[in-house]
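Please look over the sequence and the structure shown below before reading on.

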Amino acid sequence: MGDLWLVRHGETPWSKAGKHTGRTDVPLTPHGEDQARSLRHRLDRPWTLVLTSPLVRARKTAELAGLNAVENDGLLEWDYGHAEGRTTKELNRELGGWSIWTDDNLPETADDVGVRGEAVLELVAPALEAGDVCLVGHGHALRILAAVWLGLPAVDGRLFALSPGSVSVLGHE
């Protein structure tokens, strides 16, 4: 059984500013491009499958990291709705005690993102039987996918942190 590698895209102007970046197609900063290039040595290995979110920040990260990835909509970031482009600090000032994990006024819930994550895991399961799989995507969506992989509720993605340009590996014991 192979391992599941999760790669968060490199830094963008919005991630640098702490803005929630869901479906807005924000490009990488020059530093984000450097982060992606720096992953090349770590990700230079045989893969049975590599998938990426179709958003430019994830696709470009995969490309600069030397990965030949196939786009998959299941790896899209959470649809943040009214929180898109705004920081948690701004939303807390306006709404008081706001959290992405508990906001009932978003187009998607953590559970909705978890359902997409489950579909991705079902899709990659045969490839994992043969070796390692790499998924290139976004912070919240990959955190939720990790929770689902571990058999936790989707909202428990809040327990994990994935920095821009980071690599995490999920395995079997």
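In this predicted model, the largest nonpolar core has 31 residues, and those touching the most other members are Leu-4, Leu-6, Trp-78, Val-124, Leu-135, Ile-144 and Leu-145.

| Element | Residues |
|---|---|
| Helix H6 | 110-130 |
| Helix H7 | 139-149 |

Leaving aside its neighbours within four places in sequence, Leu-4 is in contact with several residues, including Leu-121, Val-124, Leu-135, Leu-145 and Trp-149.

Is H7 mostly covered or mostly exposed? Helix H7 is mostly covered, since 11 of its 11 residues are buried, and they include His-140 and Arg-143 as well as Leu-142 and Ala-146. The buried residues of H7 pack against E1, H6, E4 and strand E5, which spans residues 167-170.

The packing of H6 with H7 has an angle of about 65 degrees, and the axes of the two helices are 8 Å apart. Angles of 65 to 115 degrees count as roughly perpendicular, which means that H6 is roughly perpendicular to H7. Their crossing is right-handed, and the contact is made by residues that include Gly-114, Gly-117 and Glu-118 of H6 and Ala-141, Ile-144 and Val-148 of H7. By class, this contact of H6 with H7 has 10 nonpolar, two polar and one charged residues. Just after H7, Gly-151 takes a positive phi of about 80 degrees.

Note on methods
Residues numbered from 1 in each chain as written. Predicted model: local features only at pLDDT ≥ 70, side-chain atom pairs only at ≥ 80, totals over all residues. Heavy atoms only, no water. Axes fitted to C-alpha atoms, helices over the stretch in contact; angles between N-to-C directions. Helix = DSSP H or I, 4+ residues; strand = E, 2+ residues; numbered from the N terminus. Parallel < 35°, antiparallel > 145°, perpendicular 65-115°, else oblique. Left-handed = near helix turned anticlockwise from the far one by under 90°. Contact = heavy atoms within 4.5 Å. Nonpolar A, V, L, I, M, F, W, Y, C, P; charged D, E, K, R; others polar. Core = buried A, V, L, I, M, F, W, Y, C linked by side-chain atoms within 4.5 Å. Buried < 20%, exposed > 50% of the residue type's maximum accessible area, 1.4 Å probe, protein only.
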